[in-house]
Structures are given as C-alpha cells and as structure tokens.
Amino acid sequence: MAKHQGTYVLRLTGDVRLTLSSSLEQCFDGMLANPEFSSVIVDVRSAECIDSTTLGLLAKLSLLVQARYDEVPSIVSTNPDITKILVSMGFKDQIFIILTELPDATEALPTEVPEQPCSAEQTQARVLEAHKVLMNLNESNSQQFKDLVAALEQANSSD
C-alpha cells in the first residue's frame with residue numbers, strides 16, 4: 001500500500017482469499033478515516049486469484065468511497081481472467097473504473113499491510129457481509145450467491 005497527496009494505491013498480489021479479509025477491512029477503515037483521503041486505486045495486476053469474499057469487500061470499499069466522496073474508484077487489471085471476473089460481478093464503470101495500466105508514479109509501494117488475526121466468527125460475518133454486497137450489485141450475483149448467504153445466515157442464527 002502507498003499513499004500520495006490523499007490518493008491510496010492498494011496492490012493485491014498472489015492468491016487473494018478471505019484469510020486477508022480482516023487485514024483488508026482494517027486497511028480500508030484506516031484509509032477512509034484519514035482526513036486527507038481523496039481517492040483509491042486498487043492494483044490487481046499481480047493477483048493470481050481473487051475470491052468472492054475479497055470481491056465483496058472491494059465492492060463495499062467502492063460503495064463507501066462513492067457515498068462519501070462521490071467518486072468511482074479505479075481498479076487496475078491486466079489479467080484477462082481477473083478482468084472477466086470483475087466485469088461479470090458488475091464492477092465495470094459503476095463499482096470501479098477498470099484500467100489496464102497504472103500510472104508510473106505509483107509503481108513503488110513501500111508499505112506492506114500487516115496480516116490481522118481474525119476469529120472464526122468475525123471471518124464468517126465478513127464473508128456474509130461481502131456476499132450480500134455482491135448480491136446487491138446485480139441479479140446474476142444475487143442468484144449465484146443466494147444459497148451461500150442463506151447457509152451463512154442459518155449458521156449465524158443457530159450459534
């Protein structure tokens with residue numbers, strides 16, 4: 001992660017899965033709490049895979065940024081498979097502006113976001129919330145994730 005004059009760049013690398021959800025949410029909270037925050041760019045060029053929980057968290061971040069700052073964030077994807085997933089989830093234009101390259105000034109990202117521990121209950125709550133966000137993006141997502149959300153809600157109510 002890096003920031004410059006209120007613009008944050010968050011680079012996701014490797015296999016990005018729900019195990020990072022606590023770290024991502026803490027990072028998002030810190031960004032949005034910064035009074036100098038003006039925009040965010042998510043760089044997924046080095047990501048090999050992004051699971052649906054992470055996609056839901058990214059959508060949540062975008063919706064928060066749009067609500068507070070009236071700006072659609074950017075996401076940089078050069079992997080056709082990941083770009084296809086972003087588009088199929090309804091990210092194109094309304095959730096993120098999808099770019100194919102990152103401006104040169106953001107290449108050096110000096111700060112690695114530390115991994116945050118997360119209980120099973122917290123992880124389950126994040127997975128549920130992330131998938132509800134995805135479901136609200138479009139009907140296709142709603143159909144795709146309705147059974148998972150129902151199962152997670154049932155598991156929560158039986159605890």
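Predicted model: local features only at pLDDT ≥ 70, side-chain atom pairs only at ≥ 80, totals over all residues.
On the α1 side, the contact is made by S21, L24, E25, F28, M31 and L32. Across from them, α2 brings in T54, L57, L58, K60, L61, L64, V65, R68 and Y69. Sort the residues of this contact by type and you get 10 nonpolar, 2 polar and 3 charged.

Now zoom out. The protein chain has 5 helices and 5 strands, and reading along the sequence gives β-β-α-β-α-β-α-β-α-α. The strands form an open sheet in the order β1-β2-β3-β4-β5, with mixed pairing. The edges belong to β1 (2–4) and β5 (97–99); each has a single partner strand, so one side of each has no neighbour in the sheet. On average, neighbouring strands are turned by 20 degrees against each other, ignoring direction.

At the β5 end, β4 (residues 74–76) runs parallel to β5, joined by 3 bridges, and S74 stands opposite I97 in β5. Helix α3 (residues 80–88) packs on the sheet too, touching β3, β4 and β5, with its direction at about 120 degrees to that of β3. As for α1, it lies across β2 (7–16) and β3 (39–50), running at about 175 degrees to β2.

Finally, the chain as a whole: of its 159 residues, 43% count as buried. Among contacts with a separation of 6 or more, 76% come from residues 24 or more positions apart.

Terms used
Residues numbered from 1 in each chain as written. Heavy atoms only, no water. Contact = heavy atoms within 4.5 Å. Helix = DSSP H or I, 4+ residues; strand = E, 2+ residues; numbered from the N terminus. Nonpolar A, V, L, I, M, F, W, Y, C, P; charged D, E, K, R; others polar. Buried < 20%, exposed > 50% of the residue type's maximum accessible area, 1.4 Å probe, protein only. Pairing = 2+ DSSP bridges. Axes fitted to C-alpha atoms, helices over the stretch in contact; angles between N-to-C directions.
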